Amino acid sequence: MARRRKGEEEHENHERWLVSYADFITLLFAFFVVMYSLSSLNEGKYRIMSDSVVSAFRNISSNKDSPNIISSPIPSIRPHVTPPPSDAPETEEARKSRAERVKNMAEEIRKVLAPLVADGQVRVTEGAFGITVEINASVLFAPGGAQLGADAVRALRAVAEVVAGAEFPITVEGHTDVTPIATAMFPSNWELSAVRASSVVRLFVDGGVKPSRLTAAGYGDQRPVADNATADGRARNRRVTIMIESRVVEAEVVKPVKASGVTDSILPADAAPPAPPSAPAEPQAVSPVR
């Protein structure tokens, strides 16, 4: 091993402070990462962890035959929201009255649109979901236009007077055939059908119908009711549909049924209650086998 010469001084490293500085920066970065992870709490994972802890403690408690139930040790971070009070079930008299009102409304609409109904330009139908009034577009609009004519305004105002006093929601749908349209105002059938439906909605608002009850929808040529291959079918598909959503559904009357040895359940009124379980047969004497 070579000896160090006299007078030769060991070189001093003046950059050793970088090691300590790098360690300090690393620890500082780790500190802020931990602080950020604590501030960004994942609610879903938080709830999963809480449920897992509760389940584990319950298992331990059940194994020890303890009657106590351990509640969640971690409070829920979800804000408590009081559910709105549910509406009382509709009585039979209320359902009958509602159905009668719907029937009378449909008859009134048929009366005010009687000439158009007779010509086959208007169809008024009743169903489980309400009243549907289908009006041929030729009665309301010029070809390729969305401006209501004078006769159409009078007919629709009469319909608005019939439905203005009710509380049922109303959806106005615009439909076209597959013939393409490309004008400055209507680049496609989507715009044409939507603007036509909006024109009827505006007239209903002017006629006294509450705007909150009205919805305008444009379906273009996507919901045909006839074959677009024929002229009559295309004429049928060019229409405006007014849907008065007065759903009338007969509710099934239910009542609780409880029998001996049977848990409480809900069964229809016309269903027969379950028979109680038969008593166990008495043991019979059996002679020993020889």
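Predicted model: local features only at pLDDT ≥ 70, side-chain atom pairs only at ≥ 80, totals over all residues.
So, which residues line the largest cavity?

Residues are numbered from 1 along each chain as its sequence is written, and side-chain values use heavy atoms, with hydrogens and water left out.

Confidence next. The mean pLDDT (the predictor's confidence in each residue, from 0 to 100) of the protein chain is 76, with 65% of residues at 70 or more. Over residues 66-84 the pLDDT is below 50, and that stretch has 19 contacts beyond near neighbours in sequence, a contact being heavy atoms within 4.5 Å. Residues 283-290 are also below 50, with zero such contacts.

The chain has eight helices and seven strands; those are DSSP runs, H or I of at least four residues for helices and E of at least two for strands, numbered from the N terminus.

Okay, back to the cavity. On a 1 Å grid over the protein atoms alone, a cavity is a set of points where a 1.4 Å probe fits but cannot get out, while a pocket is an open set with protein on both sides within 12 Å along at least five of seven lines; lining residues have an atom within 4 Å of a point. The search turns up one cavity of 30 Å³ or more. Its lining is Gly120, Gln121, Arg123, Glu134, Ile135, Asn136, Arg236 and Arg239. Strand E2 (residues 130-136) gives the most, three residues.

Now the largest pocket, at about 240 Å³, where a volume is the space filled by probe spheres set on grid points joined across faces, edges and corners. There are 17 lining residues, and Pro143, Gly144, Asp177, Arg196 and Arg238 lie nearest the centre. Helix H5 (137-140) and helix H7 (189-206) each give two or more residues to that lining, and H7 gives the most, with three.

Last stop: Asn237, in helix H8 (residues 231-237). Buried or exposed? Asn237 has a relative accessible area of 0%, so it's buried (under 20%; exposed is over 50%, partly exposed in between, with a 1.4 Å probe and protein chains only). A polar atom of the Asn237 side chain lies 2.9 Å from the backbone nitrogen of Ala226. Leaving aside neighbours within four places in sequence, Asn237 touches several residues, including His175, Asp177 and Pro224. Asp177, remember, is one of those nearest the pocket centre.

Conventions:
Polar contact = N/O pair within 3.5 Å; in protein donor to acceptor, adjacent residues only side chain to side chain.
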